[in-house]
Amino acid sequence: MLHCYVHIPFCRTRCPYCDFFLVTRQDLQERFFRALVEETRLRSEELRGRSIRSIHFGGGTPSLAPPALLGGWLETLARFSAFGDDVEVTLEANPEDLTPASIRDFRAIGVNRLSLGVQSFLPGKLEALGRRHTASDALRTTGEALDAFGNACVDLICGAEGETGTDWREDLSAALATGVPHISVYLLTLEKGTRLMRDVRKGAVVLPDESLQATMYETACGMLGEHGFRHYEVSNFSRPGFFSRYNLGCWHRESYLGFGPSAHSLVRRNGEEWRRANGRSLMRYLEAPGTAGVQNECLSERERINEQVFLSLRLASGLDPTVLLRHHESPGKVLATVGRFRTEGLLADAGGAIRATEKGFLFADFLARELLPG
Ligand code: SF4
């Protein structure tokens, strides 16, 4: 069982809050896909005999890529591996790129799920976020994606400049009204080196404070829960059966291969676990795909456990407490910490596991750090 990720590092422009690895020139798409095919060929031994459960085209903006080039890469992948019968093939897409014809083309090459970078259905908020699409683009493409695939995910951001609790409820209602079965909710965060960070520091932009953001998150948990969505990860809500297989696979630390610049892989061989990180330079990737800037690191047992704790506490399925007890130098101390977080309403029991509560999800990384074996 294997998951595949492809990082397609092209966007038309950089959104003010975004720090992802990407470039804004489009003339390199064909060269990029030739390099991607080459990297896949060079890594064919990692694929051979494996059954692919999910493929995720992320970025950047994969919906800017010509479907024929994406399809060509999928054919290369299929030469070296088998696709599971119900393989999930997700394409991250921006509403302004999609038309009924492009959706048909993506479907024809095997895409069966769109993850839409909607961020908001409200015109003023889209403007505040610096997005290129309009509210009607967002509504139109969500409807078209659902018609074509019966499956789609809408990403929403909360905490934009000037946003109120009422705006946020309106946004959530608009997303629910589309009938989309998966909604991801992200709190707007300030990332280093972004235009948003500079604007906030200068005082040119004022964002809602942390307590309003926390209230917005609680509102999302409440409204989406009332509408039958399961809150299966800190930022992710889905109707039964519509969770993201790719994301859930990564969070459960199943093996995945990442292709393209900056992509990461988790590879198991001979009883060892390896983390592979592709380099973060597009030009070097084009010159030497699959080798330029690649870093491989064999994970120690301690690193594996730490990853498991961090990731499990972000999931509704939670963490098997024996993982903590087995690896912690002082089991009594960790039990006391778990007890304290239970009392504070941050952790709860879940069928033998311990899990973060919805309030605890807001502090998932802090909880993990407090509980880590070291
Ligand atoms: S479209 Fe997405 S990946 Fe591209 S700059 Fe905006 S937020 Fe970042």
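Predicted model: local features only at pLDDT ≥ 70, side-chain atom pairs only at ≥ 80, totals over all residues.
Local features need pLDDT of at least 70 and side-chain atom pairs count only at pLDDT 80 or more, whereas totals for chains, interfaces and linings use all residues. Residues are numbered from 1 along each chain as its sequence is written, and side-chain values use heavy atoms, with hydrogens and water left out.

Y5 and Y246 form a stacked pair, 6.0 Å centre to centre with 25° between the planes. Because Y5 belongs to strand β1 (residues 2-8) and Y246 to helix α10 (residues 245-251), this pair ties together parts 241 residues apart in sequence; helices (H or I, at least four residues) and strands (E, at least two) are DSSP runs, numbered from the N terminus. The rings of Y232 and W251, with centres 6.4 Å apart and planes at 55°, form a tilted pair. Ring pairs also link F10, F32, F33 and Y285 into a cluster.

Buried means under 20% relative accessible area, exposed over 50% and partly exposed in between (1.4 Å probe, protein chains only).

| Residue | Relative accessibility | Class |
|---|---|---|
| Y5 | 15% | buried |
| Y246 | 8% | buried |
| Y232 | 6% | buried |
| W251 | 16% | buried |

Key. Phe/Tyr/Trp six-rings, centres within 6.5 Å; stacked < 30°, edge-to-face > 60°.
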